[in-house]
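Let's take a walk through this model together, one region at a time. Please have the structure open as you read.

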Amino acid sequence: MRGVGVIEFGGPEALQVVDLPEVHAGAGEVRIRVHAVAVNPTDTMLRNGGRAAALADVPPPYIPGMDLAGVIDEVGPDTATDLAVGDAVMAMVVPNASHGAYRESIVLAADAVVRAPAGTTHVEACTLPMNGLTARQSLDQMALSPGQTIAVTGAAGCYGGYVVQLAKAEGLRVVADASEADEQLVADLGADVVVRRGHDVAERFREAAPGGGDGLADGAVQSELVVAAVRDGGAYASVRGWGGTGERGIAFHRTMVMSYDHRADLLDRLREQAEDGTLTLRVAATYPPEEAAAAHARLEAGGTRGRCVITF
């Protein structure tokens, strides 16, 4: 079985096609023939050694990937699920050594897998699970109420875009940042107000939400630069673990999507929202496994709108 991974950590060129042993579903599990995997920033962190300490006692290859779509080809014994062989599905993967999404076949717990949105391709479906669940978790953590205002940085990205669309579906007023080139995209995603990104973005947010937003989802990882956009006693969600400053009574939340593993209920709700048009699935480009390095290089170059996808 083919996978894409690293033997030695490094830049995009460190990625290579590797042989992996065949896997089979055990009790409570399903096996998925993987057809598409999305390339995310977290994948580049594994590839370049950002998580080397956690893998110190584990032999390579190390396989990145948290998003996949494919077809179930095996259901393990004593598995309570309504999924069946032949179903098109999607799932989030929590990588562990060779257990990452960049592989032709993977075994996952059945409660981490849901049907893919009807009418979507594998390439489209694989862009939803991890980013959608991350956006869902940030909103759950901040627990804002209809009519309140949320600020979103990095709104043109996948996480930011999903936050915008989910927040609008929940009755929030959305103020989002964008470059000049992305203003129309972010407006089309549903932002009520689009402000120009930049070092003074907190001031721009404050102009659109006098007194500050009730919450802020920091998809652009601007941390100290944007915290001033949040009102006293408001909420802030960080996707990179920033714990905040403790200032002005702001509730700082670390969004760690791994804790939403095995949440098929939440992922299935995202499926429904993709089907009803609440969420937009965006693909930038597709690559064969042999060109995974090019996909990583494109992501790290910045400016990608939608996900690069590796197809098997």
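## Starting from Arg-136

Setting aside neighbours within four places in sequence, Arg-136 makes contact (heavy atoms within 4.5 Å) with Leu-166, Glu-170 and Tyr-260. Arg-136 belongs to helix H3, residues 129–142; helices (H or I, at least four residues) and strands (E, at least two) are DSSP runs, numbered from the N terminus. With a relative accessibility of 13%, Arg-136 counts as buried. Here buried means under 20% relative accessible area and exposed over 50%, with partly exposed in between (1.4 Å probe, protein chains only).

A word on the basis of all this: the model is predicted, so local features need pLDDT of at least 70 and side-chain atom pairs count only at pLDDT 80 or more, while totals for chains, interfaces and linings use all residues. Residues are numbered from 1 along each chain as its sequence is written, and side-chain values use heavy atoms, with hydrogens and water left out.

Helix H4 covers residues 158–169, 12 residues in total, and its first and last C-alpha atoms are 17 Å apart. That is close to the expected 16 Å, a span given by 1.5 Å times one less than the number of residues. Of the 12 residues of H4, 10 are buried, so the rest of the structure largely encloses this helix. Among the buried ones are Tyr-159, Tyr-162, Val-163, Val-164 and Leu-166.

Just after H4, Gly-171 adopts a positive phi of about 85 degrees. Leu-172 then sits in the loop between H4 and strand E9 (173–178), and at 4% relative accessibility Leu-172 counts as buried. Not counting residues up to four places away in sequence, the contacts of Leu-172 include Leu-139, Leu-144, Pro-146, Ile-150, Ala-167 and Asp-192. Thr-149 is 23 residues from Leu-172 in sequence, yet their C-alpha atoms are 5.8 Å apart in space.

## The six-stranded sheet

Now for the sheet: six strands make up an open, parallel sheet in the order E10-E9-E8-E11-E12-E13. E10 and strand E13 (251–254) are at the edges with a single partner strand each, so one side of each has no neighbour in the sheet. On average, neighbouring strands are turned by 20 degrees against each other, direction ignored.

Strands count as paired if DSSP finds at least two bridges between them. Five bridges link the parallel strands E11 (residues 213–218) and E12 (residues 230–238). Leu-216 stands opposite Tyr-236 in E12, and Ala-217 has Ala-237 of E12 as its bridge partner. E12 also pairs with E13 in the parallel sense, over four bridges; there, Ala-235 has Ala-251 of E13 as its bridge partner.

## Helices across the sheet

Which strands does H3 lie across? H3 lies across E8, E11, E12 and E13, and runs at about 150 degrees to E12. For such angles, axes are lines fitted to C-alpha atoms, for helices over the stretch in contact, and values run from 0 to 180 degrees between N-to-C directions. H6 lies across E8, E9, E10 and E12, running at about 150 degrees to E10.

Helix H6 (residues 201–208) has Val-201, Ala-202, Phe-205 and Ala-208 buried. Viewed down the axis of H6, these buried residues fall within an arc of 120 degrees, so they line one face of the helix; the arc is that of the directions from the helix axis to the C-beta atoms. The cover over the buried residues of H6 includes strand E8 (149–153), E9 and strand E10 (193–196). Glu-203 and Glu-207 are exposed on the other side of H6.
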